[in-house]
Protein chains: 2
Amino acid sequence: MPQISKKGFDMPASPIRKLSAFAEKAKLEGKKVYHLNIGQPDIETPANVIAAIKNVDFKIWAYTSSEGTIAYRNKLVSYYNKFDYNLTVNDIIVTTGGSEAINIAMMACLDAGDEIIIPEPFYANYNGFAHQSNVVIVPVMSVIENDFGLPPVSDFKKLITTKTRAIFICNPNNPTGYLYSMQEMQDLKVLALKYDLFIFCDEAYREFCYDGKTFISPLNLPGLEENVVIIDTISKRYSACGARLGCLITKNKSVMASALKFAQTRLSAGMVEQIAGEAAVDTPDSYFTNVINEYTLRRKILVDSLNAIEGVICPNPGGAFYVVAQLPVDDAEKFCQWILEDFNYENQTVMMAPAAGFYSNHEAGKQQVRLAYVLNANDLTKAIECLKQALLVYPGKLIKTKKIRILA
Amino acid sequence: MPQISKKGFDMPASPIRKLSAFAEKAKLEGKKVYHLNIGQPDIETPANVIAAIKNVDFKIWAYTSSEGTIAYRNKLVSYYNKFDYNLTVNDIIVTTGGSEAINIAMMACLDAGDEIIIPEPFYANYNGFAHQSNVVIVPVMSVIENDFGLPPVSDFKKLITTKTRAIFICNPNNPTGYLYSMQEMQDLKVLALKYDLFIFCDEAYREFCYDGKTFISPLNLPGLEENVVIIDTISKRYSACGARLGCLITKNKSVMASALKFAQTRLSAGMVEQIAGEAAVDTPDSYFTNVINEYTLRRKILVDSLNAIEGVICPNPGGAFYVVAQLPVDDAEKFCQWILEDFNYENQTVMMAPAAGFYSNHEAGKQQVRLAYVLNANDLTKAIECLKQALLVYPGKLIKTKKIRILA
């Protein structure tokens, strides 16, 4: 029998879906499972987007051009230029989700063995895409004590070698929710220009910034244009994860030409999605006002109730819809399995994503979990109560929890 | 300014879309351009598929599972098992078009430097996907004199090295339209088992077989199950190229486990597409009867009129909707550009795909073009008349055309 590739054998499995079997089993046993483990919001997709799908009007479901329809790219230009990105349609390639944009960005810019610095914890699937391109991820540690803010410039400098080609950030951050400040973005700019590095920026959560804080894109920083590759998706923005519609943006014409060849090889992104995407750009502002109010409420519930549990530490992040919290447990992965398998509170339990999968250095995230506040306030409250009760009885509970913070 | 990757620099551009700029220019000059260059059929998508899009009924456009929805995979099982594939849902991963299935198959099975033998001419984008995975394509020549049938087994054997891991065929073939016989498939089976090779089979054109000929999948050959990876797409079957919905099929559990990790990294295929895909499987047989009658008619018009032109040689292929024809010209790429740029017949001209892009050895296809019979009989007739008139006056016309056949 022919054997699979070493590339396939070594390919990292997704940590986010790792505990799915235990959750399924819990459900079969009649437990209600609160899913705080995934980034699939329960927010409704805007009605105008769904209407656009229902109103499609064509006889032939045809390829679009590889870079995306001109109509959709025009709409995207109008969307991004509201954020002062200063784009033309030629700066955008429409992709199959943000996933494909990451993949194309890596292939277009990076060769096997090239190094890319990423603040960790980071979105676990970056590992998978780097593995596909044989790109080496060099993590730089962001810490819970600093609310997972950008690590100091000096930490980046220590990691830069002749092979370093890019810094990759996610802003606002998945998994930590951290929203980078203007100063942090300026620090990145200085680094990128000094060492001639690409800045890859995953902006999937751009619209979700709280407390009146401003989102800063690297494309907002004059003089950095040639270094920046933006990765975006409509998945979270319009609660349309299943659309698989994203884009790659760059004003660097060589990168664009390189990326386009990869895009042409896979022919095109979806046609219906691009039609729906056009409609999405016209989503009324009230949709976002409502969604942001809702997420702000949920964040408050989640962060406040987590910090009220003895030994739990949870920053109050400025964006996205995730938090990474530290739990008073021996091993968060064990705990996440235990709470599904061996625990219930009033026949309910919680699924969380162990944070270790978001770290290259798995030890660093050993007591942390990522929680997505993608459930309504009522369910969220019940889920945290479950978690609280579980922490009271979990056999691997740590007592001297405050020490963790000091020592971490 | 940071530089793009060598991988991006060396990435082959798509030969199919290469002449697009000249076609656009011709149109701007007011010429009617007949597009015989692309595999985008003018056949209407089945009404039931479009109705399924228009009838979507959900509030949240959500991720599906990475392997595809159970509902769609169940439908696919019923479709494939009509062809005796003997599948279960666990043998299928739903992909974003056939393109992604090719990409995942290569990554799951092949490492950098591994060799894959492909009869040439072959679908040009295989080059792009192989390049992405650093897989080495080793072409084995199929020749127009043999109607582009499978090259002799002895030719394959000469090319097999310790690095050979797979043979990749497209059946019915793009670009040649050739439909492999049972004997040819058996030859491939013997090779695969003897040398422990994967058989990758791109079956995008499965439904388009003519003259009552039978389609044979490698999954129809008992004893070969562990070696086979099928790549499929609904693009051509239901004239739904813009759906970007395909699948990877294998009964080899290690390959499936490896492929699933790549699928999980990109989260899921499109949700609306999978809903439409379910409906597609229920497309009435009459749709295919009509389509096959239409393609049979067009093929006859195309093949007969091409062979009636002095110096043109065109096999009569058993499947798909392409032919590769040999023209009495010095260089088909020059000719294809010239006919767009410097020629018109009654203000009409023709866009064709130079076949050189479908060969690793570009010289081998230097006098050949791929023509897709994706236009109706009337337009097709006019297009061939254009081509005929063009060949009368093309400055690079070859006189001793019959010699080409003998010498080729």
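Okay, quick definition before anything else: two strands pair if DSSP finds at least two bridges between them. Helices (H or I, at least four residues) and strands (E, at least two) are DSSP runs, numbered from the N terminus.

With that in hand, strand 3 of chain A pairs with strand 5 of chain A, residues 164-170, in the parallel sense over 3 bridges.

Some housekeeping. What you're looking at is a predicted model, where local features need pLDDT of at least 70, side-chain atom pairs count only at pLDDT 80 or more, and totals for chains, interfaces and linings use all residues. Residues are numbered from 1 along each chain as its sequence is written, while chains are lettered from A and ligands numbered from 1 in the order in which they are written.

Back to strand 3 of chain A, residues 115-120. Is that strand mostly covered or mostly open? Mostly covered: 5 of its 6 residues are buried, where buried means 20 or more other C-beta atoms within 10 Å of the residue's own, with C-beta atoms placed from the backbone (12 or fewer is exposed, in between is partly exposed). Strand 3 of chain A also runs parallel to strand 4 of chain A, residues 136-141, with 6 bridges joining them. Take A:Ile117: opposite it in strand 4 of chain A is A:Val138, and opposite it in strand 5 of chain A is A:Ile167.

Next, domains. Chain A splits into domain 1 (6-44 + 286-407) and domain 2 (47-281), with bounds from an automatic or database domain assignment. Their C-alpha centres are 26 Å apart. The contact between them takes 37 residues from domain 1 of chain A and 33 from domain 2 of chain A, contact meaning C-beta atoms, placed from the backbone, within 7 Å. On the domain 1 side, helix 11 (285-307) and strand 9 (322-326) of chain A are the elements giving two or more residues, and helix 11 has the largest share, 5 residues. By class, that side has 21 nonpolar, 11 polar and 5 charged residues. For the classes, Ala, Val, Leu, Ile, Met, Phe, Trp, Tyr, Cys and Pro are nonpolar, Asp, Glu, Lys and Arg are charged, and the others, Gly among them, are polar.

Now the two chains. How many residues of chain A are in contact with chain B? It's 66, touching 66 residues of chain B. Helix 9 of chain A gives the largest share of the chain A side, 7 residues. That side divides into 28 nonpolar, 22 polar and 16 charged.

And the symmetry: rotate by 180 degrees, with 0.0 Å of shift along the axis, and chain A superposes on chain B at RMSD 0.1 Å. That's the relation of a two-fold axis. A:Lys54 is the chain A residue that comes closest to the axis, at 2.0 Å (C-alpha). Also, 100% of the interface residues of chain A are interface residues in chain B too, so the copies meet through the same surface.

Last stop, chain B. There's an open sheet of 3 strands there, order 9-12-11, antiparallel. Strand 9 (322-326) and strand 11 (353-354) of chain B are the edges, each with a single partner strand, so one side of each has no neighbour in the sheet.

How values were computed:
Contact = placed C-beta atoms within 7 Å. Least-squares fit on C-alpha atoms with pLDDT ≥ 70 in both.
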